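Work through the exercises below with the sequence and the 3D structure in view. Each task is followed by a solution in steps.

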4 protein chains.
Amino acid sequence: MKTTIVAGNPKPGSRTLDAAALLARSLSGAEPDHVVDVVTLGPGLLGWGDEAVTSAVESVASSDLVVFASPTFKATYTGILKLFLDQFAGGDGLRDVVAVPLMLGAGPAHAMAPDLLLKPVLVELGATTPAPGLYLIDSTYTTDTRIAEYAERWGGIIAAAAAARTEAS
Amino acid sequence: MKTTIVAGNPKPGSRTLDAAALLARSLSGAEPDHVVDVVTLGPGLLGWGDEAVTSAVESVASSDLVVFASPTFKATYTGILKLFLDQFAGGDGLRDVVAVPLMLGAGPAHAMAPDLLLKPVLVELGATTPAPGLYLIDSTYTTDTRIAEYAERWGGIIAAAAAARTEAS
Amino acid sequence: MKTTIVAGNPKPGSRTLDAAALLARSLSGAEPDHVVDVVTLGPGLLGWGDEAVTSAVESVASSDLVVFASPTFKATYTGILKLFLDQFAGGDGLRDVVAVPLMLGAGPAHAMAPDLLLKPVLVELGATTPAPGLYLIDSTYTTDTRIAEYAERWGGIIAAAAAARTEAS
Amino acid sequence: MKTTIVAGNPKPGSRTLDAAALLARSLSGAEPDHVVDVVTLGPGLLGWGDEAVTSAVESVASSDLVVFASPTFKATYTGILKLFLDQFAGGDGLRDVVAVPLMLGAGPAHAMAPDLLLKPVLVELGATTPAPGLYLIDSTYTTDTRIAEYAERWGGIIAAAAAARTEAS
């Protein structure tokens, strides 16, 4: 199972990236195969056809499981994450990818954002999204049990969906 | 695989119900095991503890695959469907159920409603929702190929998710 | 300015109704002219043409300012509130009504529901919705300052929108 | 009344920009005072504190009426528009601004996006949003009557809300 994490935080090496790695590890039992820290792709994100951006898109599109992670900006995912998602082909850019939406916020008020706002973008790109989005508090995700509980509750379903994708290919 | 359809149309025997049955058949290859035409449950829906309502809730909760279908009223699902969904236990009322959101409308303008509005309610109830919502035009769903295409594209993933549920139980 | 409150709680005389009355009073400086405690309309809500339901719809539609209030059920407004909203004419059932979406919940996790879920239904019905939705914690709304702050911040805008409606009529 | 248009299309001088200008003109009766064609701000959008970006943010924040326009990418607004919106202060970055969400798409399927997805971001920034979002078909907006009808139906309410802002300041 090829696992990738995508972190859409304007700061490189963010807690968003760290939380995505923790979640991917909990779900797959291994380090992620690819890491896309979107901001490091730089100004190529503002146009089309940049080589590094294209390569990152291909890594994501060929993965079995991808965690898409964003901090909460203005009650939704970041512009920089959406810039990257805009680089995928509409309808099937994430075909056969099992996608998990992850968002971090300073408090609980935006807990609905992963399912109401981030997941529909992934669905539009053709991803398989069997599990609910996960929302974490950015100051406590390393010490609370939310990631472990999520993996316990949804890991089996996510693995089954990813396996169904692999067999069908 | 136990399959159930739930139709939330204020008119019994509606096209909503018919479309849900067509979709369930396309996905499972068989007639649905249970049919909940919500409006026939009557005024018991307005309170708690009605026997027929409770029995319908139990049928749905013990299913492997459920199509939740609604016409589009005021750009979203109907009040009568939500009345029925309000009868389920929060968090895990649809645990281990693979749920497919289906909506019908007179035109294409509300095509985003199944994923943005109906699916989040099912997710909140703990359902597994691997596939996108389906939106059908109520005057053409019997003659167009939308249901067949959806089943072709998503049937395998949905069956795998339902099987994962059965094995885990 | 004719002010009405609509409370969609399956229990009559609920805190939902009470909070709506407090908000209406803060916004208008007077008791609401009409109160619609939806559940008291009974089984007539399940069909069309019931006299009491029709009369309640007309009271709402002829108001200048209406607070639409709901507890949070399954992370959104209740089925019983939507049953009532389904009775209005699509597109212009709330034309020239200034509508304020209000939701109450046990905790902060569903704070996005008034703007993302309840307001769009009111917009679809043609209402004017100048202000954000308000989300209150059901155990503290009588003692915290959320209603007062909301009225202070948005009361002027809401009154101006309601006055524009009155002049235009 | 100071009017500004913001167009979040990755191509400068787009139909998105053109439609925003048409709408602003219909609503205010004059040319927009400021035009922000977001993509022309360039890589400064990817960080914080860029002079041209800051100046554009200040122009928008000090306007009475702003049309925020985006093409539909992946069933929602663009990453580049959100990059720009992420530059505003949370909570009150658009305080006292009357904001109109406008989106263009190739077909009608995404007509719900302006109200369900773009408007909530503007609300989160503190904007006043009295009118529904407008969704236009990108191939017909210059010849159909949607903009004129919208201005006829909502222009008075929008002007009243903008005037209330001006008086209160």
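**Exercise 1: the interface of chains D and A**

The area buried between chain D and chain A is about 1900 Å², and carbon and sulfur atoms give 69% of it. Buried area is the accessible area (1.4 Å probe) that two parts lose on being put together, summed over both. Three residues, D:Leu46, D:Lys74 and D:Glu124, supply 34% of the area that chain D buries against chain A, more than any other three residues. The model is predicted: local features need pLDDT of at least 70, side-chain atom pairs count only at pLDDT 80 or more, and totals for chains, interfaces and linings use all residues. Residues are numbered from 1 along each chain as its sequence is written, chains are lettered from A and ligands numbered from 1 in the order in which they are written, and side-chain values use heavy atoms, with hydrogens and water left out.

Task: Describe the contacts between chain D and chain A, and the side of chain D that takes part.

Solution. 
1. Count residues in contact (heavy atoms within 4.5 Å). Chain D has 25 such residues, facing 25 residues of chain A.
2. Count salt bridges (a side-chain nitrogen of Lys or Arg within 4 Å of a carboxyl oxygen of Asp or Glu). There are 0 between chain D and chain A.
3. Assign elements, where helices (H or I, at least four residues) are DSSP runs numbered from the N terminus. Helix H3 (79-85) and helix H4 (113-124) of chain D are the elements that give two or more residues to the side touching chain A. The largest share, 5 residues, comes from H3(D).
4. Sort by type: 15 nonpolar, 6 polar and 4 charged residues make up this side of chain D. Here Ala, Val, Leu, Ile, Met, Phe, Trp, Tyr, Cys and Pro count as nonpolar, Asp, Glu, Lys and Arg as charged, and the others, Gly among them, as polar.

**Exercise 2: the interface of chains A and B**

Task: Find how much area chain A and chain B bury between them, and which helix of chain A gives the largest share of residues.

Solution. 
1. The two chains bury about 1500 Å², 61% of it on carbon and sulfur atoms.
2. In contact are 18 residues of chain A and 18 residues of chain B.
3. On chain A, helix H4 (113-124) and helix H5 (146-168) each supply at least two residues of the side that touches chain B. H5(A) gives the largest share, 6 residues.
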